[in-house]
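Q: I've got a new model open and I'd like to learn how to read it. Can we go through it feature by feature?

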Amino acid sequence: MSVSPRNVSFFHVANALISAARPHRLLIGAAAVAAGVLACRDTTTPKELSKAVPTGPMETMGVGFTSTLIARGNLGTFHMQSKFNGYDVELKSHDNTDVAVANIGIAAGGSSGWHSHPGPVLVVVKSGTITRYGADNPGCAAEVYGPGTTFTEEGGQVHNATNQGAEAVVAVATFLAPPGAALRIDEAKPDNCS
């Protein structure tokens, strides 16, 4: 029987495995594989926007860098102002907006590679030290952020986060982005950065 891969469902695969020898072992194995596949797939980035490696001649890859999505949801447009006990905060988006949170890791000697984001990002460093280089910074001077510090990045800002220390970096990033957009855009190394 010939079936197009697009028309094969997990139900069809499970039925084929059940009919095979030792069905109880195969079914458990198939369930484990299916759970792994479902847990690891990227459901937040449209397929046409995702890529595993740089496609441009000048794009750079991260080394020892991980970004693990914790959650992503759509907030729509919003305007909220909070005033409590003399503390005044205002957040506003004129456009439909996704909010995403990711755990970030950078191994000792690692880097994110040059990239930007489609919207603003708020980063909290939990451990280790991030040395960040930004094209918007005159002379591409380094900015250093240790444990308990935070920084923000504007959408479109080209930058590279590095770990020049001996301890692994662990950070949490909160992204605001257009619905379904890739959270990272690989970029070429800026001319003003050596």
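A: Let's start with the core. Of the 17 residues in the largest nonpolar core, Ile130 and Phe175 touch the most other members. A nonpolar core here is a set of buried Ala, Val, Leu, Ile, Met, Phe, Trp, Tyr and Cys residues joined through side-chain atoms within 4.5 Å; buried means under 20% relative accessible area, exposed over 50%, and partly exposed in between (1.4 Å probe, protein chains only). Bear in mind that this is a predicted model, where local features need pLDDT of at least 70 and side-chain atom pairs count only at pLDDT 80 or more, while totals for chains, interfaces and linings use all residues. Residues are numbered from 1 along each chain as its sequence is written, and side-chain values use heavy atoms, with hydrogens and water left out.

Q: Which elements give two or more residues to this core?
A: In soluble globular proteins, nonpolar side chains tend to be buried together. In this case the elements are β2 (87-111), β4 (121-127) and β9 (169-177), and β9 provides the largest share, 5 residues. Strands (E, at least two residues) are DSSP runs, numbered from the N terminus, as are helices (H or I, at least four).

Q: What is Phe175 in contact with, leaving aside its neighbours within four places in sequence?
A: Contact means heavy atoms within 4.5 Å. On that basis the partners of Phe175 include Val99, Ala100, Pro120, Val121 and Leu183, and also Asp98 and His117.

Q: How many disulfides does a search of the whole structure find?
A: A disulfide is a pair of cysteine sulfur atoms within 2.5 Å. The search turns up 1: Cys140 with Cys193, sulfur atoms 1.9 Å apart. Cys140 sits in the loop between β5 (130-134) and β6 (142-145) and Cys193 in the segment after β10 (185-186), so the bond ties together parts 53 residues apart in sequence. The S-S torsion is about 90 degrees, so this disulfide is right-handed.

Q: Are Cys140 and Cys193 buried or exposed?
A: Cys140 is buried, at 8% relative accessible area, and Cys193 is buried too, at 7%.

Q: Which residues have a positive phi although they are not glycines?
A: Most residues other than glycine have a negative phi. Here, Asn85 has a positive phi of about 50 degrees, and Cys140 has one of about 60 degrees. Asn85 lies in the loop between β1 (63-84) and β2 and is exposed, with a relative accessible area of 72%.
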